[in-house]
Amino acid sequence: MKRRALLATTLLACISIRASDETRLEMHLRAIRWDSYQDQAVRLLQKYLRIDTSNPPGNEQAAAEFFHKLFDSYGIPNTVFTYAPARANLYAVLKGDGTLRPLVLLNHMDVVRAEPRNWKAPPFSGQILNGEVYGRGALDMKDEGLLQAMVMLIAARERLPLKRDLVFLATADEEVGDAGSAWVLKNRPDLVRGAEYLITEGGTNLVYPVKGTVYNIGVAERILPPDRGHREGAHGVETPRHPRGSQRPCVRQGACRGRGLQLPDPRHGFIDRAEGERADERHP
Ligand SMILES: [Zn+2]
């Protein structure tokens, strides 16, 4: 449900609503067959997860071709930018009426490497077990990338009246050297220039449709373990060597519990920040 709400919210952020059109638009959105889009999203996610984009070496060209064929079949203009052998970014855009600046949906296509013996289902199978899709990238971030692609498909198929350009940008090499996004910034900054908003992964930039201000806390997901042995744990995430020299592995918070590690206490920083923002609201 949360995913479906996120899809609907992202769509709503892009479409043109005049007071007189609101009811008609709401009727339009209500008439959308969300269940069939949801089924399609699951099928496409399975397909996407089966593309092995372990980085290194990445091989994101295959994932870019996946989006290229998908968007072509919906008539969505898109381009694959191959910047090195088997390394590519994909850009797609749905034009709005220009009354607002573009919204960029940014995702990365590569995943960290996976050790099959630690998996219930093969990491590039896209298998469904007990109602959950398994695959490397199912959480980081082929899930969100695929949802962003669904936003494009739905906006195109339903002919939603966009008031801003809806830009989809899938990049390579986020997990190792950021060469994919660096290529965009160096060679094609025009693709994202002038954008008003950009949505991508992370704990602090997801907005759920609830009332009030939402403070998401993303803390201690990755910390340094005391030795290399812990990286083999079932819950560990093996992070490739960092280009700036650090070669230490990282693990998720859950794998560190009970191992004598000090996790940072997020409360003070969080409360300080929230208090600061409240003060800003009182004295803008
Ligand atoms: Zn990621």
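**Helices and backbone**

I looked up helix 5 first. At 1.5 Å a residue, its 16 residues should span 22 Å, and the end C-alpha atoms are 22 Å apart, so the two values agree. I kept in mind that this is a predicted model. I found 14 of the 16 residues of helix 5 buried, so the helix is mostly covered, given that a residue counts as buried with 20 or more other C-beta atoms within 10 Å. Just after helix 5, I noted Arg159 with a positive phi of about 50°.

I did the span check on helix 4, residues 60–73. Its 14 residues should span 20 Å, and its end C-alpha atoms are 20 Å apart, which agrees. Its buried residues include Phe66, Phe67, Leu70 and Phe71. Among the elements that cover the buried residues of helix 4 are helix 3, strand 1, strand 2 and helix 5. Just after helix 4, Gly75 has a positive phi of about 70°.

Next I looked for cis peptide bonds. One joins Pro56 and Pro57, with omega about 5°. Pro57 sits in the loop between helix 3 and helix 4. Another runs from Asp140 to Met141, with omega near -20°. Met141 is in the loop between strand 5 and helix 5.

I noted these angles because most residues other than glycine have a negative phi, and most peptide bonds are trans.

Last, I checked two loop residues. Ala86, between strand 1 and strand 2, has a positive phi near 65°. Ala86 is partly exposed because it has 14 C-beta neighbours inside 10 Å. Asp178, between strand 6 and helix 6, has a positive phi of about 60°. With 15 other C-beta atoms within 10 Å, Asp178 is partly exposed.

Technical notes
Residues numbered from 1 in each chain as written. Predicted model: local features only at pLDDT ≥ 70, side-chain atom pairs only at ≥ 80, totals over all residues. Helix = DSSP H or I, 4+ residues; strand = E, 2+ residues; numbered from the N terminus. Expected span 1.5 Å × (residues − 1). Buried ≥ 20, exposed ≤ 12 C-beta atoms within 10 Å, placed from the backbone. Contact = placed C-beta atoms within 7 Å.
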